[in-house]
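Me: I would like to learn how to read some features of a protein model. Please take them one at a time, with the general idea before the case.

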Amino acid sequence: MDNAIHLSVIIDFSPSQWYLSSEQTADQSSFSLADFLPQLFVFLNAHLALQYENTLDVFGAFPGKSLVLFSSKESYVQTESDSNVYQPFKTANSVISQRLADALDSLPEDVEEPVAIVGALTKSLCYISRLLNSSPDVNASSNNSNSISSRILIISVSPDVSASYVPIMNSIFCAQKLKIIVDVCNLYGSDTVFLQQAAHLTGGSYISVQKRDRLLQYLMTTFLSAPSVRRLLAVPTEDKVDLRAACFCHKKIVDIGFVCSVCLSIFCKPTPVCSTCRVKFPIKTLQRLKEAANPVAPPNIPPPSIAAELAPKPPLQPKYPMMLPGMSMPMHMPMYPPMKKGGQHPRPVMKMPPNL
């Protein structure tokens, strides 16, 4: 019997980003929230149908808050039965749709805060930790077939927020300790640097969907398989991973940063005192770091002229005259003039001294 799989799905419900996604552009076709939800429901139902012991949690990341949209550990009021639909599938779909509609209606219309991806990720890790601790097989060996394997899937449409770098990294370290795989599916916009690092560091898959009308195919072929099965499949991964960090002082992504040797805080410029742990750095160290950050340019030495190098050089004159056999006076050997365009030297003319 295969291991039970717990899947936590985190969905980015940014109203502004979904509005931009619904507009058709020259690069991509329109893809609205109404086109996304039916494909999501098929994927969630497929996960529950793989095995009876599989569990599911769905979290919604909204501007300024995160909510639990569905949890298979909770009990819900059964909806009207339908002989053509499996009842757990219908219950999950109706609960997610109802809670999503209530959450979107309660959002303010004047100001939109950053999407709480970090809050939803933290809640999902807490749910998984509680599930593992409450499981009777948590202390069992890894060979036990009844152990539970957990993973997280993040569906994102919003760009990175530099201020959330530290919380995301803390969540990544927690996922690594719990041996949880974090998968990321980017539906709209440019690649998210922080979520790309999360998938890379936890051994998950990061996919930026190009043809969004075929989203279900991406979900079923890449994110439905269990971690143990992925070893036998050719799961797509990113060839290039952006591992840049965000500085603690200005919350901006930097290419070159300066790290505190005590608390490992990252700064974009050398600072005399660490703003995190209040450690003072030596003056010589600051001077050396400033010189490394702003190197002195070498003096402007003009490069050698190419025309001067290619110009024909004057012929070399003999330093001493030469004596030929049978001659009593020295005779100067003729020198070849510069080569002409034809590539051949003219025939030299020998001049005898006038006294002969």
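Me: Is Glu-74 buried, partly exposed or exposed, and why?

Reply: Buried means under 20% relative accessible area, exposed means over 50%, and partly exposed lies in between (1.4 Å probe, protein chains only). Glu-74 has a relative accessible area of 34%, so Glu-74 is partly exposed. This is a predicted model, where local features need pLDDT of at least 70, side-chain atom pairs count only at pLDDT 80 or more, and totals for chains, interfaces and linings use all residues. Residues are numbered from 1 along each chain as its sequence is written, and side-chain values use heavy atoms, with hydrogens and water left out.

Me: With which residue does Glu-74 form a salt bridge?

Reply: Side chains of opposite charge can pair when their charged atoms come close. A salt bridge is a side-chain nitrogen of Lys or Arg within 4 Å of a carboxyl oxygen of Asp or Glu. Here the partner of Glu-74 is Arg-99, with the closest N and O atoms 3.9 Å apart. The pair links distant parts of the chain, 25 residues apart: Glu-74 is in the loop between β3 (65-71) and α3 (87-105), and Arg-99 is in helix α3. Helices (H or I, at least four residues) and strands (E, at least two) are DSSP runs, numbered from the N terminus. Arg-99 is partly exposed too, with a relative accessible area of 31%.

Me: How many salt bridges does a search of the whole structure find?

Reply: The search finds 2. One of them joins Asp-183 to Arg-230, with the closest N and O atoms 2.6 Å apart. Asp-183 belongs to strand β5 and Arg-230 to the loop between α7 and β7, 47 residues apart. Asp-183 is buried, with a relative accessible area of 0%, and Arg-230 is buried at 10%.

Me: How many residues of strand β5 are buried?

Reply: In β5 (residues 181-186), 6 of 6 residues are buried. Both faces are covered, with Ile-181, Asp-183 and Cys-185 on one side and Val-182, Val-184 and Asn-186 on the other.

Me: How many bridges join strand β4 to β5?

Reply: Two strands pair if DSSP finds at least two bridges between them. Strand β4 (residues 148-156) is joined to β5 by 6 bridges, and the strands run parallel. Ile-152 stands opposite Val-182 in β5.

Me: How many aromatic pairs does the structure hold?

Reply: Rings of Phe, Tyr and Trp (its six-membered ring) pair if their centres lie within 6.5 Å; planes under 30 degrees apart count as stacked, over 60 as edge-to-face and the rest as tilted. The structure holds 6 such pairs. One of them is tilted: the rings of Tyr-165 and Phe-194 have centres 5.2 Å apart and planes at 50°. Tyr-165 lies in helix α5 (residues 165-178) and Phe-194 in helix α6 (residues 193-202), so the pair ties together parts that are 29 residues apart in sequence. Tyr-165 counts as buried at 11% relative accessibility, and Phe-194 counts as buried at 1%. Elsewhere, ring pairs link Trp-18, Phe-31 and Phe-36 into a cluster.

Me: Over the face of which residue does Arg-130 lie?

Reply: A charge sits over a ring if NZ of Lys or CZ of Arg is within 6 Å of the ring centre and within 35 degrees of the ring normal. Arg-130 lies over the face of Tyr-127, at 4.8 Å from the ring centre.
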